[in-house]
Amino acid sequence: MKTLVVDDNANERKLLRINLERHGCSVIEAADGVEGLERISEVYPDLIISDALMPRMDGYQFLRKLKTDNNLKAIPFIFYSATYTGQREVELAVAIGADAFIIKPKDPDEFWTEILSILEKCKLRPQPVPPVKLIQEDEEYLSRYSSMIAAKLEEKITECEKGFTELKRTQAELELKTAELERSNAELEHFAHVASHDLKAPLISVGGFAAILQKKYGDRLDAKGREYLSRIMDGTTRMELLINDLMSYARVTTHARPFRPVSCNTVLGVVLSNLGAAIEESGADISFDDLPTVTGDETQLIQLFQNLISNAITYRGHGPPEIRISVKPVSDPDAQAAIRTGRVLPTGQTAMRTGWLFSISDFGIGINPLQFEQIFKIFQRLHTDDSKYPGTGIGLALCKKIVERHGGRIWVESQPGKGSTFYFTVP
């Protein structure tokens with residue numbers, strides 16, 4: 001059975017074609033009534049299934065053209081539409097010659113059963129097909145058609161007005177939430193500043209008096225006393241470092257800058273300059289790809305690269321560190337493979353389709369796979385020997401927060417004694 005499917009939605013046409021071809025139909029497609037008339041001139045169909053609302057010529061105008069043509073009026077015509085589905089619209093469709101009006105969506109098997117039933121009824125109608133009453137009464141047809149279009153237009157205007165009102169309400173709520181967030185961030189920043197100041201003041205005092213005590217009275221203390229004094233001074237230094245790191249962690253949000261194009265080559269240049277002394281002292285060999293320009297916060301990207309490269313230098317093992325910085329588009333097959341094997345996506349989150357996958361590899365002491373998730377949590381330190389591996393346990397948590405603020409994910413692949421590779425994505 002040759003079937004003409006007329007619908008401006010290509011996906012709807014495809015679904016209909018698949019269902020009809022499954023039952024042995026030969027399907028011809030058209031995007032609107034104008035194209036439908038062109039297809040009929042090429043192939044005379046046994047059945048026409050048409051949408052109601054289409055550009056250039058809608059289903060009603062298309063049907064009227066067919067029913068006023070003696071050569072085409074006998075073709076069974078079925079409306080299949082999700083619009084113009086009110087009683088007035090259905091009555092007008094039948095009045096101008098439609099054999100049925102089926103409302104979308106319809107179960108494919110039920111749809112086919114209904115088509116067969118309609119075609120059986122069409123076989124019983126007299127031949128030749130008598131003219132439909134309304135076909136001869138242009139004034140009445142135009143009046144009813146115009147009334148239907150006007151009603152639909154009113155409905156759409158009402159929907160648009162409701163949508164606009166809802167949009168304005170949502171916009172007002174968003175502006176209120178934004179103002180609240182800005183106020184909350186300002187309060188948080190003020191609290192962090194005050195807390196930092198109030199915590200640092202006694203530390204500076206303790207550290208200062210400890211230094212005086214060591215300078216003036218250190219020679220009067222026995223070995224145990226000097227050890228205790230040294231511990232006091234080390235503790236105040238670590239506490240001050242911890243406060244500074246906490247402030248940096250909080251400022252990822254409170255001091256966030258608007259995103260703009262940032263050259264990662266420039267970012268890396270700043271980082272290598274900042275780490276110049278550590279690189280020279282450790283004899284680090286750092287190689288890197290030509291890095292892309294991304295959209296982000298330059299200051300935070302500097303923090304991100306600096307923390308990861310600094311870690312690679314710190315946890316280098318016995319020999320001079322070898323560090324490799326690479327980047328690939330996330331669409332690259334190798335990047336996709338790394339993303340699939342990495343612990344990058346929380347449950348239910350879709351994969352990034354565009355952007356960059358960065359990796360920073362070393363040949364250092366490595367990390368136990370059981371600790372891959374733990375190391376990105378704040379205050380989680382794997383090494384407690386401060387003399388060999390100093391730190392507060394905030395660095396990787398800070399990296400994670402920066403990457404997630406940029407819409408990416410960060411993870412690590414590593415083996416103890418064989419080095420680590422930190423991966424992160426940036427859209």
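Modeller: What follows describes the sheet and then its setting in the protein. This is a predicted model, in which local features need pLDDT of at least 70 and side-chain atom pairs count only at pLDDT 80 or more, while totals for chains, interfaces and linings use all residues. Residues are numbered from 1 along each chain as its sequence is written, and side-chain values use heavy atoms, with hydrogens and water left out.

The sheet is open and has five strands in the order β7-β9-β10-β12-β11, with mixed pairing; strands here are DSSP runs of E with at least two residues, numbered from the N terminus, and two of them pair if DSSP finds at least two bridges between them. At its edges lie β7 (285–288) and β11 (410–415), each of which pairs on one side only. From one strand to the next the twist averages 15°, where axes are lines fitted to C-alpha atoms and angles run from 0 to 180 degrees between N-to-C directions. Within the sheet, β9 (residues 322–329) and β10 (residues 356–361) are joined in the antiparallel sense over six bridges, and S326 stands opposite S359 in β10. In general, strands of a sheet pair through backbone hydrogen bonds, either parallel or antiparallel.

As for the setting, the protein comprises twelve helices and twelve strands, helices being DSSP runs of H or I with at least four residues. Of its contacts (heavy atoms within 4.5 Å) between residues at least 6 apart in sequence, 72% join residues at least 24 apart.
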